[in-house]
Amino acid sequence: MNVCVIGAGYVGLTTAAVLSDLGHHVTCIDQDTDKIASLQNGSIPIFEPDLEDCVQKNKSRLRFTDDLSSGLSNTEIIIMAVGTPSLPDGSSNLSFLYKAMIDVMDHLASYKIIMIKSTVPPGTNAAILKFLKEKGYQPSLFDLVSNPEFLREGSALHDMKFPDRIVYGLAEENEDLLGKLNELYKGIEAPVIVTNYAGAELIKYASNAFLAAKISFINEVARVCELFGADVTHVAKGIGLDARIGHSFLQAGIGYGGSCFPKDLKALSFTAKDNGLQPLILDAVQSVNATQINVYFEKIKALFPALSSMKIAVLGISFKPNTDDIRESPAVAFIKKLHEYGCTVSAYDPKAALPKELSMVEQTETPYEAILNADLIVVATDWKQIIGLDWKQVRHIMKGKAVIDARNCLNPALIRNADLDYIGVGRL
Ligand code: UDX
């Protein structure tokens, strides 16, 4: 099939690369001319494992352009993957999506399927359809489909190739349309859920909210564990063995971050309130997450009264491993807090860089440079390069002895064996 993807961000690039790998001819369009120029030269503007190889491998079927009209000619399916960032009130900024929709509609000369992959709050697909009809665009020229994505940064290609489900939100039942959609994803094995627009939109939001709830839940349990001397990793293992609960997303730490969970929780809560419903759980999930760093910071302050005069090596800057993304990163928030408290911070990350606002904080090339003469180490992101450090060497070059495992990713026995003090989140 001939497919066009609008937006060359994480979702757009991954979608374009995997669809070309499935054998489709894909044009990926973005109005950012610099980004398109670098993509045309084979350079991928984000770090995502296997993406560069996939783009390279399929370059005969995958092209990048900033020219909408040339990109749209001959295409059968147009996939909208533009950003929907948070506005200050927590609502989603849908202006990029509306603008892109109008640009696309203005170029339509024949029937196309338009899929919205951008994450949009419940009610958006129906509102867009109504808006387009009111603007006078011929309904016979297009079908609008909601097709949310469930990609995790760091494993986006794998998640797109092996999804847990494929979701289609349709305006009404339409067998011909479903046939075309199934052709698009031919080669990907997954249960297909067909529902209405709001159903599809809510599957996306409810999934992310539920996963974030699991994290906040275990983080709250970690606080209780501290009161009674229990180890939250044992508790998580014990409850996770109940098949109804499962093991995933029960790793306590300094909270969730990234471009999705914080934004989506805010947007879902905002949309519920905007429509007269006061959400209880959604706001509790966000409150636990927002306070988790403080709770943990207070604990460290109590353990180390001289904290403000210490040199602290913070290992990890990104919001999670295998990405250079620092959006809403708890690691960055922790570094900021330590810096503002007066500590001398030296940060290290295998891929991510400190934000401009923290340019006064030192970032080192290697973990050992950050650790040299440090009084304390904080492991803020669970990169395997950090977990696998030579902890005896670490002990040798640091001044103090304490390792703060703010992600519960280290083996305490290994750390203690290196004559270091281990301090986790909600564990002994
Ligand atoms: C998430 C969803 O997983 C994905 O399906 C959706 O499409 C986009 O949002 P992503 O933001 O890439 O993906 O990251 P994810 O791996 O889900 O982690 C989110 C955050 O939760 C990270 O900061 C991570 O460190 C944290 N986390 C995750 C925990 O603190 N504990 C856990 O047990 C799991």
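1. Burial first, since it comes up throughout: a residue is buried if 20 or more other C-beta atoms lie within 10 Å of its own, exposed if 12 or fewer, and partly exposed in between, with C-beta atoms placed from the backbone. Tyr197 is buried on that count, because 24 other C-beta atoms lie within 10 Å. Tyr197 belongs to helix α9, residues 197–228. (Helices are DSSP runs of H or I with at least four residues, strands are runs of E with at least two, and both are numbered from the N terminus.)

2. A word on the model before going further. This is a predicted model, where local features need pLDDT of at least 70, side-chain atom pairs count only at pLDDT 80 or more, and totals for chains, interfaces and linings use all residues. Numbering starts from 1 along each chain as its sequence is written.

3. Back to Tyr197: what is it in contact with, leaving aside its neighbours within four places in sequence? The list is Asn125, Ala126, Ser146, Gly169 and Ala171. Contact here has a plain cut-off: the C-beta atoms of two residues, placed from the backbone, lie within 7 Å. Leu39 is another matter: 158 residues from Tyr197 along the chain, with 33 Å between the two C-alpha atoms.

4. Overall dimensions. The C-alpha trace spans about 70 × 50 × 35 Å along its principal axes. Of the 428 residues, 45% count as buried. If you look at contacts between residues at least 6 apart in sequence, 71% join residues at least 24 apart.

5. Domains. The assignment gives domain 1 (2–190) and domain 2 (230–428); such bounds come from an automatic or database domain assignment. Their C-alpha centres lie 34 Å apart. Domain 1 puts 13 residues into the contact and domain 2 puts in 16 residues. The side of domain 1 that touches domain 2 has 5 nonpolar, 6 polar and 2 charged residues. For the classes, Ala, Val, Leu, Ile, Met, Phe, Trp, Tyr, Cys and Pro count as nonpolar, Asp, Glu, Lys and Arg as charged, and the others, Gly among them, as polar.

6. The chain has 17 helices and 14 strands, and 6 strands form an open sheet with parallel pairing, ordered β11-β10-β9-β12-β13-β14. Why is one side of β11 and of β14 left without a neighbour in the sheet? Both stand at the edges, so each has a single partner strand. Strands count as paired if DSSP finds at least two bridges between them.

7. One part of that sheet is built around β10 (residues 344–348), where 4 of the 5 residues are buried. Strand β9 (residues 311–315) pairs with β10 in the parallel sense over 5 bridges, and Leu315 sits opposite Tyr348. From β9 the chain crosses through helix α13 (residues 330–340) to β10, a right-handed β-α-β crossover. Right-handed here says that, with the strands pointing away from the viewer, the path from the first strand over the helix to the second runs clockwise. β10 also runs parallel to β11 (residues 362–363), joined by 2 bridges, with Ala347 opposite Gln363.

8. Now β13 (residues 402–405): Ala402 and Ile404 point one way, Val403 and Asp405 the other, and all are buried. β12 (residues 376–379) runs parallel to β13 with 4 bridges, and Val378 stands opposite Ile404. For β14 (residues 421–423), 3 bridges make the parallel link to β13. Val403 faces Tyr422 there, and Ile423 is the bridge partner of Ile404. Together β13, helix α17 (residues 412–417) and β14 make a right-handed β-α-β unit.

9. Two backbone angles to check. Asn322 has a positive phi of about 65 degrees although it is not a glycine. Asn322 lies in the loop between β9 and α13 and is buried, with 20 other C-beta atoms within 10 Å. Asn408, also a residue other than glycine, has a positive phi near 45 degrees. The loop between β13 and α17 holds Asn408, and Asn408 is buried, with 22 other C-beta atoms within 10 Å.
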